[in-house]
Amino acid sequence: MEEKFQTTIVPKTGWFDLKLKEVFAYRDLIFLFVKRNFVSKYKQTILGPAWAVIQPLLTTVVFTLVFGNIAGLAPDGVPSFVFYLSGTILWTYFSNCLTTTANTFVANSATMGKVYFPRLVMPISTVISELISLAIQYAFLLIFMAYYLITEDSLAPNWFVLMTPLLVIQLALLSLGCGIIISALTTKYRDLAMLVGFGTQLWMYASPIAYDMFSMGAFAIGGKWHTLYMCNPVTSIVNVFRYGYLGIGTIEWNYYFIGWVTTLVFLFLGIILFSRVEKTFMDTV
């Protein structure tokens, strides 16, 4: 009796031999990894998922005291705490996705060396699993916003809050693209793994997370530096998010769409490079 095989594993040879349909076929495995990632992240911790809230809250307190009260970089007219919290939750999601996906090949080499599955499944599952923590942090942001709306009436949320899913998707795609580019390069150049944390910190200060770029007075970013600064995709995402929820700043649509182009370019290059490296990474990891 002739056997029929569902899957035939053949070597990949071309740069554009991506087989993205195969990734979709393994969607059940993606959600299994999502569950594994979330459980393992808080396993054997006393507070468990509460850390998803504690970490950004502590960061927000530090930003409020140091950058808001001491340095005076917080905007006028809105509470400093909710201003910094709105940027922190977005950056926490982005940085966690970036640093975790950047370590995909090295951290999962044991699993990848034993069983076949599309390697892109793992970074995708990381991006999705981090959405759970983001959802918890987002709920706390809404709670604090409701408090300030009732007590101070200093916030002016508007219809741009409806862009939230689009902003999160863009942030996820950007972190995925940058992360898998780094993960592909670290299979041969381990030095990059040491620089990811430092580079992420620099990227944060190159984004309006710890300050308001529109109310920095003499330190306001203008001229050619403004153009360069706005080409950072994270900048436009944070500005649109804060404009929608807090009603501050402005939306520069040309830079927002440039950010989308940059995001898709990073994602496209990342998928190609990741697919290319996954063929031979076991020889170098």
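Modeller: Let us begin with the secondary structure terms: helices (H or I, at least four residues) and strands (E, at least two) are DSSP runs, numbered from the N terminus. The model is predicted, so local features need a pLDDT of at least 70 and side-chain atom pairs count only at pLDDT 80 or more, whereas totals for chains, interfaces and linings use all residues. Residues are numbered from 1 along each chain as its sequence is written, and side-chain values use heavy atoms, with hydrogens and water left out.

Colleague: How many helices and strands does the chain have?

Modeller: The chain has twelve helices and zero strands.

Colleague: Where in the chain is confidence lowest, and where is it highest?

Modeller: Here pLDDT is the predictor's confidence in each residue, from 0 to 100. The mean is lowest in helix α6 (residues 109-112), at 71, and highest in helix α11 (residues 233-246), at 94. The chain averages 83, and 86% of the residues score at least 70.

Colleague: Why is Leu65 called partly exposed?

Modeller: Buried means under 20% relative accessible area, exposed over 50%, and partly exposed in between (1.4 Å probe, protein chains only). Leu65 has 47% relative accessibility, which lies between those limits, and therefore counts as partly exposed. This residue belongs to helix α3 (residues 51-70).

Colleague: What makes Thr235 buried?

Modeller: Thr235 has a relative accessible area of 0%, which is under 20%, so Thr235 is buried. The residue is placed in helix α11.

Colleague: With which residues is Thr235 in contact, leaving aside its neighbours within four places in sequence?

Modeller: Contact means heavy atoms within 4.5 Å. On that basis Thr235 touches Ala206, Ser207, Pro208, Met213, Tyr229 and Met230. Ser207 lies 28 residues away along the chain, yet the C-alpha atoms of Thr235 and Ser207 are separated by 5.2 Å.

Colleague: Why is Thr92 called buried?

Modeller: The relative accessible area of Thr92 is 10%, again under 20%, and therefore Thr92 is buried as well. Thr92 is found in helix α4 (residues 80-101). Its side chain reaches the backbone oxygen of Thr88 at 2.7 Å. Leaving aside neighbours within four places in sequence, Thr92 is in contact with Pro56 and Gln137.

Colleague: What percentage of the chain do buried residues make up?

Modeller: Buried residues make up 46% of the 285 residues in the chain.

Note on methods. Polar contact = N/O pair within 3.5 Å; in protein donor to acceptor, adjacent residues only side chain to side chain.
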